[in-house]
Amino acid sequence: QVQLVESGGGLVQAGGSLRLSCVASGDIFSITEMGWYRQAPGKQRELVAVITDEGSPNYAESVKGRFAISRDNAKNTVYLQMNSLTSEDTAVYYCNVHGLLDFNDGFGLWGQGTQVTVSS
C-alpha cells in the first residue's frame, strides 16, 4: 500500500514564502509523475505544478516565476517552493503521485491536503 504524507502548509503574510513537501512511502517500484494541485473555497481543484521522472517541470500560468517544483527520487519526495505569495494562493494544496507497484500495476494517489493561507 502506498501512502502520501504532506507537510509545510501554514499561515504566511503576503509576499512571504512557504515550502511544501510530500513523501511517498510503501511498496513502490517506481514513481513517474509527481505534482501539486490546489483547491480554493468554492472553486475546482486546479493544477499548480507537475514534474516528470526526468525532472521536467510544468507550471500553471498563475504561479510561473514564483513557484518551483522539485523532487528527490532517492527519498520519493516532491517539493513545492512558493515565493511572493498573494491572497490568491490561499487554498488547500494536494500532492498527486503516479507510479508503478510492479511491472504490471500502476497507481495514482492524492495526499490528504495541506492548508496554505496568505494574509494580506
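# Legends to the close-up views

**View 1. Arg66 and the residues around it.** Leaving aside residues up to four places away in sequence, Arg66 touches Gln81, Met82, Asn83, Ser84, Leu85, Thr86 and Asp89, where a contact means heavy atoms within 4.5 Å. The model is predicted, so local features need pLDDT of at least 70 and side-chain atom pairs count only at pLDDT 80 or more, whereas totals for chains, interfaces and linings use all residues. Residues are numbered from 1 along each chain as its sequence is written, and side-chain values use heavy atoms, with hydrogens and water left out. Arg66 is placed in the loop between strand S6 (57–59) and strand S7 (67–72); strands (E, at least two residues) and helices (H or I, at least four) are DSSP runs numbered from the N terminus. With a relative accessible area of 18%, Arg66 is buried, a class that lies under 20%, with exposed over 50% and partly exposed in between (1.4 Å probe, protein chains only). The side chains of Arg66 and Asp89 make a polar contact at 2.8 Å, the term standing for a pair of N or O atoms within 3.5 Å; within protein, one must be able to donate a hydrogen and the other to accept it, and residues adjacent in sequence count only if both atoms are side-chain atoms. Computed along the sequence, Arg66 and Leu80 are 14 residues apart, while their C-alpha atoms are 10 Å apart in space.

**View 2. Ser84 and Asn76, two residues with positive phi.** Ser84, one of the residues that Arg66 touches, lies in the loop between S8 and S9. Its phi is near 50°, a positive value in a residue other than glycine, and Ser84 counts as partly exposed at 40% relative accessibility. Asn76 is found in the loop between S7 and strand S8 (77–82), and its phi is likewise positive, near 50°. Asn76 has a relative accessible area of 25% and is therefore partly exposed.

**View 3. The rings of Phe29 and Phe103.** A search of the whole structure finds three aromatic pairs. Phe29 and Phe103 form a tilted one, with 4.9 Å from centre to centre and 55° between the planes; rings of Phe, Tyr and Trp (its six-membered ring) pair if their centres lie within 6.5 Å, and planes under 30 degrees apart count as stacked, over 60 as edge-to-face and the rest as tilted. Phe29 lies in the loop between strand S3 (18–25) and strand S4 (30–39) and Phe103 in the loop between strand S9 (91–100) and strand S10 (106–110), so the pair ties together parts that are 74 residues apart in sequence. Phe29 is partly exposed, with a relative accessible area of 45%, whereas Phe103 counts as exposed at 72%.

**View 4. Tyr94 and Trp110, an edge-to-face pair.** Tyr94 is buried, with a relative accessible area of 15%, while Trp110 is partly exposed at 41%. Ring pairs link Tyr37, Tyr94 and Trp110 into a cluster.

**View 5. Arginine charges over the rings of Trp110 and Tyr79.** The charged end of Arg45 sits over the ring of Trp110, 4.5 Å from its centre. For such a placement, NZ of Lys or CZ of Arg has to be within 6 Å of the ring centre and within 35 degrees of the ring normal. Arg19 lies over the face of Tyr79, at 4.0 Å from the ring centre.

**View 6. Gln44 in its loop.** Gln44 lies between S4 and strand S5 (46–51) and counts as exposed, at 70% relative accessibility. Apart from residues up to four places away in sequence, Gln44 touches Arg38 and Gln39.

**Setting of the views. The chain has eleven strands and zero helices.** The C-alpha atoms fill a box of roughly 50 × 25 × 25 Å, taken along the principal axes. Buried residues make up 40% of the 120 residues in the chain. Among the contacts with a separation of 6 or more, 55% are between residues 24 or more positions apart.
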